[in-house]
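We will go from one selection to the next.

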Amino acid sequence: MTQSSEPLGVAVVGAGYWGPNLVRNFQASEQFRLRSLVDLDVDRARRVLGGYSTVEATSDYAAVLADPEVAAVAVATPAGTHLDIALAALRAGKHVLVEKPLAATYADGMRLVAEAEERGLTLMCDHTYCYTPAVGRIRELVHSGELGEVHFVDSVRINLGLVQKDIDVLWDLAPHDLSILDFILPAGVEPVAVAAHGADPIGAGQACIAYLTLTLSTGAIAHVHVNWLSPTKVRTTMVGGSKRTLLWDDLNPLQRVSVYDRGVDMAAPQEIGADERRDMLISYRSGDMVAPAIGEKEALRSMVDEFADAIGTGRAPLTDGRAGLRVLDILEAASRSLQFKGAVVGLRAGR
């Protein structure tokens, strides 16, 4: 989409927790013109918009979909409502952005993807963390081969609260880490199976702590730890490669990403003599640590720009509907694994 193009009319559906963030970023974008904020509680929508806003606050979603000036719809409502709201928008010929997760089930997500593809419309999932400067840089480092072959990924997302009533910690927090994993893995490397363990020590009615172990197609491993009960907040991801290892600490603004030239090297048996083979197959490498410069830009601003560019060019967005499907595939398989006490469950989605 060029700067000379007319701004795209957009409506945001949902004025609760996430909707106001989308409202703010669409209003700040030169590529969009926010026309409506839809919510069952019209007063809440008006409060989000402010007393001097000319944007319409309404509960009449059908009227918004009938507005020819609305070219796109952003959905920020509970996951159980995503199918009906997004499907109605697609059938009305609107491009659609959906807050994570894409839908409540893989089957629902597949219906949205199929509808968008059949109609030639953009369907994008708001995997917000993928648009942070840090994760963008991590993707570059992994895809360029600077880290070498991926050996392991270890992600921790823990804090105290907020215990949800309708979903477990897996569906609440893990979509962030799974979307990041999907975003940074290079072509040809994908999760093929998952095993999950969880616990509910406080009697909340669903898992408050969960550990996911994913087998990757190369034999590498990825691990995700999510927890509502930790007294301290931790947001770290480590990507271990054959050449270097990367650590992302999202709570350290002074050094978000560190790249370590330290690790384990394996010598090929033919390179060493028979007498030395046992002791010299493995050697340890201790090199420098480099902290790449990471710019600061709000992830949602980049996400909105990506949505506009995907619509304008007709290309698939970086986090398209199929990316959302791959995350749903893992979540559903992990839930089945929890039911069967950590059994390994194969994944259906491919790249």
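Is Ser 302 buried or exposed? Select it and look. This is a predicted model, and in it Ser 302 is buried, with a relative accessible area of 17%. That value counts as buried because the cut-off is under 20%.

Stay with Ser 302. It belongs to helix 9, which covers residues 299-313. Tyr 131 and Lys 297 are in contact with Ser 302.

**Zoom out to the chain**

Colour by secondary structure. The chain holds 10 helices and 15 strands. Its radius of gyration is 22 Å, close to the 20 Å that the globule rule gives for 351 residues, so the chain is as compact as a globular protein of that length. Along the principal axes, the C-alpha atoms fill a box of roughly 80 × 50 × 40 Å.

Switch to the surface. The accessible area is about 16600 Å², with 52% belonging to carbon and sulfur atoms. Of the 351 residues, 51% count as buried.

Next, colour by charge. There are 33 positive and 44 negative side chains. The centres of the two sets lie 1 Å apart.

**Strand 1**

Select residues 8-13. This is strand 1, and six of its six residues are buried, so the strand is largely enclosed by the rest of the structure. Show the side chains. Leu 8, Val 10 and Val 12 point one way. Gly 9, Ala 11 and Val 13 point the other way.

**Backbone stops**

Most peptide bonds are trans, and most residues other than glycine have a negative phi.

- Lys 100 and Pro 101: the peptide bond from Lys 100 to Pro 101 is cis, with omega near -10°. Pro 101 sits in the loop between strand 5 (95-99) and helix 5 (106-119).
- Gly 161 and Leu 162: these two are joined by a cis peptide bond, with omega about -5°. Leu 162 is in the loop between strand 7 (150-160) and helix 7 (169-184).
- Lys 341: this residue is not a glycine, yet its phi is positive, about 55°. Look for Lys 341 in the loop between helix 10 (321-339) and strand 15 (345-346).

Is Lys 341 buried or exposed? Lys 341 is exposed, with a relative accessible area of 74%.

Key. Residues numbered from 1 in each chain as written. Predicted model: local features only at pLDDT ≥ 70, side-chain atom pairs only at ≥ 80, totals over all residues. Heavy atoms only, no water. Helix = DSSP H or I, 4+ residues; strand = E, 2+ residues; numbered from the N terminus. Rg over C-alpha atoms; globule rule 2.2 N^0.38 Å. Buried < 20%, exposed > 50% of the residue type's maximum accessible area, 1.4 Å probe, protein only. Areas by Shrake-Rupley, 256 points an atom, 1.4 Å probe, with all protein chains shown as cover. Lys, Arg positive; Asp, Glu negative; His and termini not counted. Charge placed at Lys NZ, Arg CZ, Asp CG, Glu CD. Contact = heavy atoms within 4.5 Å. Lists of a residue's contacts leave out its neighbours within four places in sequence.
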